[in-house]
Each structure stands twice: as structure tokens, then as C-alpha cells.
Amino acid sequence: MTAKEQFLTNQQRYQPLMLPQRFSEEEMVRDWTLSRRDCQVVNKYRKQYRLGFAIQLCAMRLYGRFLYQLHDLSSRVISYLSSQLDLPPTLTVDVPEREATLLEHRNNILKYLGFQRFDNKAEADLDRWIEEHARQGLLPDELFHRAERYLLLNRIVLPGPSTIERQIIRICNQVHTQLFEQVFDQMSPELRGAIDDLLQTTDGNQRTYFNQLKEYPPAAKISSLKRYLERYDNLVATGINEFEEKVIDTAFLHYLYRLTKRYTAKDMKRFKDHKRYALMVCFLLESRKILLDNLVKMHDQYMTELCRQTRNSHDKKHKEFRKRQKKAIDAVLDTTHVLLEWPEEQPLYKNDLWQRIDEKHLLASIEDLHIFKRLEERGYCDLLLTRYPSLRKYFSDFIRLPFEVAKGSGPLIKAIQFVRQLDDGDLKKLPENTPTAFIPRELRRSLKDQTGNINRNVWEMGLALAMKDALRSGDLYLPQSKQHVSFWDLTLNEPNWDETKHTVYTELQQPLPHEVRSAISTQFHEAVSAAQKRFGLDNFAEIHNGRLKLKRDDKLDVPDKVNQLLMEVDQMTHYSRHFVPIQHHQSRPKNFYKSLMAAIISQATNLGVVSMSNSVNGVTVDMLRHILQYYIREETLVNASAEIVNQHHELPLSAVYGSGTLSS
């Protein structure tokens with residue numbers, strides 16, 4: 001196993017158990033609760049080692065591995081286990097110093113839980129299981145997690161993660177070799193020769209084309225777009241489009257791509273032909289998708305930046321001429337007043353007008369008004385068209401990508417075909433039936449000239465913007481890409497379901513339709529059998545004469561110590577006097593004090609009013625709800641808490657920590 005074939009992270013490999021520090025009460029009860037039989041087994045050992053023994057017992061049952069650092073466990077779990085074993089509270093866990101004693105404890109835990117060591121037989125069984133699932137197309141990382149669950153369900157001690165990793169890689173290599181041979185047999189000699197060329201350096205370039213395909217896309221510039229379009233053309237020239245992609249599963253294809261990306265061209269040349277060519281085919285198929293995605297992304301970024309810069313230039317120019325326009329209007333108004341006030345019987349000559357009005361100033365004002373009018377009507381379009389030559393440097397190649405459109409977007413693909421024909425010389429000008437519905441509103445005023453002919457520059461700029469929006473919405477897509485595909489390709493239609501339904505039951509580990517009834521019956525009887533075994537250890541319920549019988553009203557007992565503690569604190573502080581009813585409400589229920597204590601406990605322990613009423617005699621659900629609605633409110637809780645805190649300040653020990661007026 002080489003370092004490049006390893007799929008586990010260092011944390012997964014060297015720290016297989018990540019002990020949770022934050023978890024809910026339900027999770028703690030589910031994973032770290034000891035049964036009555038567990039407690040009996042643990043209590044057989046010395047008191048100082050019982051806690052450590054209980055931790056290892058729960059860990060083996062939960063994770064399939066023993067813990068090496070017991071001190072990393074959450075203090076909540078340690079306290080919870082200590083309370084179940086009636087041990088005093090502690091933050092440390094003692095373990096036997098003698099290696100023989102520690103080994104004996106672990107062997108006894110395995111024997112009690114029915115776990116077996118990971119021996120040669122278990123390894124052989126795991127080999128067969130991995131091979132079976134690897135042939136179904138599962139990837140190594142998914143196989144790893146499923147293999148751990150498989151060993152845990154079969155009560156086999158999990159070996160080190162690197163051991164399972166080596167085993168998975170070894171078997172996957174054997175299974176993948178057969179797939180590589182199938183891929184190799186479907187490759188044409190021309191494709192193999194093209195792959196060999198990709199692994200060689202060309203004249204004047206020290207890097208192979210294989211290494212260039214691994215690069216992360218740069219910023220969206222014209223040079224970058226042209227370079228990536230050239231790479232896509234070179235990729236298509238290898239003949240990869242003629243290869244049948246359905247031979248390889250999509251997830252497996254992506255896995256082999258990531259695996260191949262780790263190797264250099266020198267590494268690839270050392271592989272056998274079947275493996276080298278198969279890996280390169282997977283790499284090229286996935287690279288084709290990524291190249292198309294990157295080209296769409298770069299076109300989107302370039303057009304967005306183009307519009308942003310144009311908009312900023314237009315706003316700046318508009319702001320400048322708006323100021324000049326105000327002065328120009330004043331000059332024209334002054335001229336108008338002169339004309340209106342001129343005597344009717346006196347002829348008006350230009351010389352007379354220029355004597356009263358500055359000729360140059362008036363002409364400049366009129367020119368400013370024309371410029372501002374043009375700027376208002378077509379300014380954004382004019383500035384956008386100045387960037388059209390830059391757009392054409394890559395757009396003529398970008399538009400030749402294998403685009404397709406969704407239903408209802410026919411005019412867009414028709415426009416794309418017109419541009420291709422114009423570039424090839426098949427069309428001399430845009431025909432009369434040229435689609436224009438997709439042209440943005442800002443460009444429509446300049447779309448046609450005075451003769452009614454369509455301005456190609458404006459129309460093509462509008463097409464580039466419409467393609468950007470259509471690629472975002474999915475109306476325009478690239479079937480060979482990864483992210484910009486048809487929406488319906490992402491759904492499971494009838495033909496796709498007919499192809500995959502034979503394997504989906506195996507992948508989901510579900511019975512076939514004709515086996516559902518027998519499988520449900522088997523699962524039911526297994527659940528009943530397991531329930532019968534567990535009911536004997538339950539102190540809450542049992543099966544008696546085929547019927548469920550509860551041994552007591554509620555499984556959760558409210559400790560008397562909690563209730564007694566609340567009453568003792570109340571005797572010292574009298575905090576209960578702050579629980580007064582809301583205004584204009586003076587009624588008190590029967591057994592008010594007892595109901596108040598029960599209501600406080602129900603909220604503090606999350607028991608709820610129903611469970612609390614079942615645990616306290618003489619207190620009903622309605623009584624508790626009445627207390628919570630009219631007596632326990634935010635202001636009464638604040639006042640009661642302040643009473644307790646004030647009592648703390650009167651204790652001599654409180655003065656050691658300060659006056660109580662400041663906090664850190």
C-alpha cells in the first residue's frame with residue numbers, strides 16, 4: 001500500500017475514537033447506562049477499579065474498541081457511571097498498574113459481552129465481505145465505515161484503522177484490476193496513443209498536459225478563458241467523447257479521478273498498461289466535466305465583471321454630465337428669454353444675438369445636452385459595446401461548446417447556431433427571423449439601425465449576457481459537465497429506474513418485493529425474541545400472560561432528597577414567599593406549598609407535569625398547571641433567586657471571593 005492509495009486522514013488512523021464532549025441526556029442514557037446484570041458483573045471487582053471497568057465495558061459495547069485514555073472521557077459520563085455504581089463523585093479514573101490484571105479485565109469484558117478477537121478467521125470473513133461489497137461499487141472510504149459496523153454487529157473486536165485500511169486497499173486493488181481490464185478492452189488504439197502523448201512533455205513546455213489539467217482555475221480573464229478553451233479542445237481531440245462512460249459508476253469515476261490526481265506523470269508510467277490507461281480514461285472523463293464547469297464559471301465571472309465595470313463607468317460619466325446639463329439648461333433658458341423678449345418690429349440677426357449671448361458657451365451647452373440625452377438613452381449600451389472586441393477574443397470558441405437547451409428555450413440555441421454559422425462564413429448577415437426576445441432591456445434601443453437591420457455587435461453582446469443567465473437558471477446546459485446539466489438528468493425517470501432497480505435493493509440492504517412479507521415476519525419474531533430477553537432485566541414493565549404490565553406508575557422516581565433540600569432552603573431563605581399570584585388573582589389551590597415544590601422540581605429536572613403528578617401523592621396535573629400559569633413567572637423566579645443569592649452573601653465564606661459587586 002503506497003501513501004497515495006491511503007484514504008484515511010491522520011486523525012482517523014491514529015485517533016480512531018473521538019470521545020464526544022457535548023451530547024444530550026438521551027445520548028448519555030442510551031450509550032452509558034448499565035443494566036442490572038452489568039452492575040452485578042462490575043461489582044465483583046475491587047471498588048477502586050469498578051469505574052474504569054464499567055467505562056471499558058460500555059466503550060467495547062459502543063465502539064468495539066477499548067479506550068486507552070480514560071481521562072479524556074467527559075466528566076458527565078464519569079459522574080453518571082459513578083452514580084449507577086453507588087461510587088463517590090470523582091474526576092479521576094484508576095486503572096490497574098499490573099499489565100496482567102489489566103489484560104484479565106479486558107478478557108473478562110470480551111467474554112461477558114460475547115466479543116471475539118480479530119483472528120485469521122475473522123480476517124478471512126471480512127475479506128469476503130469487503131470483496132462482495134466492493135463489486136457493488138462501494139468506495140474505500142464508505143467500505144471502511146461499513147466494515148467497522150459489520151465487525152461490531154458480529155461482535156468482533158475492531159482492529160486498528162490502518163489494518164482495515166490495508167485490507168480494503170488490497171481487496172479493492174484486486175477487484176479494480178478486473179474493472180481496469182474491462183475499460184482497457186473498450187479503448188481504441190487512437191485513444192491509448194493520445195493518452196501516451198498526454199504523459200509526455202512537449203517542445204518548449206516543461207510540464208505535461210496531464211499536470212496542466214490538475215491546475216486550479218485562475219481568475220476570469222481573457223487569456224485564462226482562451227487557455228482553458230484550448231485545453232478542452234485538446235482533451236476532445238484525444239477521442240474521449242467516443243468512450244462509453246456508462247461502463248464506470250459516477251461515484252467510482254470520481255474516486256479514481258481523485259486517486260489519479262495524486263500521481264505524477266512519472267508515477268503513471270510505472271503502472272501496468274491496464275491500470276495506467278484505465279486511470280487516465282477516468283481522469284480525462286472527470287477532467288472534461290470539470291473543464292466545462294470552470295469555463296461556464298469563468299464566463300459568468302467575466303460577464304459579471306464586464307457589466308460591473310461598465311455600470312461604474314456609466315454612473316461616473318452620467319454624474320459628470322448631469323452637472324454640466326444643469327448649466328446647459330440655464331444657458332438655453334437665457335437664450336430663450338432673449339428671443340421671447342426681442343421686439344417684434346425689430347429684425348433679429350445673429351450678430352445681435354451673439355452680442356447678448358456667448359456663442360461658444362451656448363454651442364457647448366447644446367452639445368452637452370445632446371451628450372446627456374444619448375447617455376440617458378444609450379449610454380450603458382455604448383460603453384458595453386466598446387468591450388465587444390475583447391469579448392470576441394474568446395466568445396467565438398466558447399459558443400462552440402456542446403450546449404443544449406431545455407424546453408421553451410429554443411430561440412437561445414437557434415441564436416447560438418446563427419453565431420456559429422456567421423463565424424464559419426455560412427451566413428453573411430443575421431437573417432430576418434433572428435431571435436431577439438432574450439436581448440436585455442438596456443440594449444434594445446440600439447439593437448437595430450436606421451434601416452431596420454440588426455446590429456450584430458449589440459445582438460451578440462446580448463446573447464452572451466443571456467447565456468450567462470440561462471446557464472445559471474438551467475435553461476441552457478452542458479450534458480457533459482458536472483454541475484450544469486439538465487434538471488431531468490438529476491431525477492430518477494422510468495428508464496433510469498428500470499436500469500438501477502435491480503441493484504438498488506442490494507445497495508440499500510432491503511428485501512426484494514417478493515421477499516418483503518417473509519422479511520418483515522422474520523424481523524418481527526427477532527424483535528419479539530430480543531424483547532423477551534430484555535424484559536426480564538427491566539424493573540419498570542414485564543410481559544405477563546401475553547400482556548404488557550407496568551410494575552409501577554412511572555419509571556422515573558423523584559428523589560426525596562431533592563424535595564427535602566428545597567424545603568430546607570426555603571426555611572432558611574423564605575424564597576417561596578415571592579411566588580405570588582398575578583394581579584387581581586388571589587386564589588390558592590389545595591396543598592399549595594406541596595404543589596409549588598413539585599412544580600419547581602418538574603421544571604428543573606425536565607420531568608414535566610404529567611410525570612411529576614404520577615410521582616407525588618395528592619398532586620394532580622391540573623394543580624401543577626395552575627401553579628405554573630399563575631405563580632411561577634419570570635419576575636417571581638428572579639425575586640426568589642435573588643433571595644437565595646442574598647443569603648449566600650451572608651455566609652462567611654462568601655467574603656473570601658469578594659464583596660459581590662464585581663464579576664470577571
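Me: Which helices do the buried residues of helix 10 pack against?

Reply: This is a predicted model, in which local features need pLDDT of at least 70, side-chain atom pairs count only at pLDDT 80 or more, and totals for chains, interfaces and linings use all residues. Residues are numbered from 1 along each chain as its sequence is written, and side-chain values use heavy atoms, without hydrogens and water. Helix 10 covers residues 189-198, a helix being a DSSP run (H or I, at least four residues) numbered from the N terminus. By contact (heavy atoms within 4.5 Å), its buried residues pack against helix 11 (209-212) and helix 15.

Me: Within what arc do the buried residues of helix 10 fall?

Reply: Leu 191, Ala 194, Ile 195 and Leu 198 are buried in helix 10 (under 20% relative accessible area with a 1.4 Å probe, protein chains only). They line one face of the helix, because seen down its axis (by directions from the axis to the C-beta atoms) they fall within an arc of 100°.

Me: Which exposed residues does helix 10 carry on the face turned away from its buried side?

Reply: Exposed means over 50% relative accessible area. On that face of helix 10 stand Pro 189 and Asp 197.

Conventions. Helix = DSSP H or I, 4+ residues; strand = E, 2+ residues; numbered from the N terminus.
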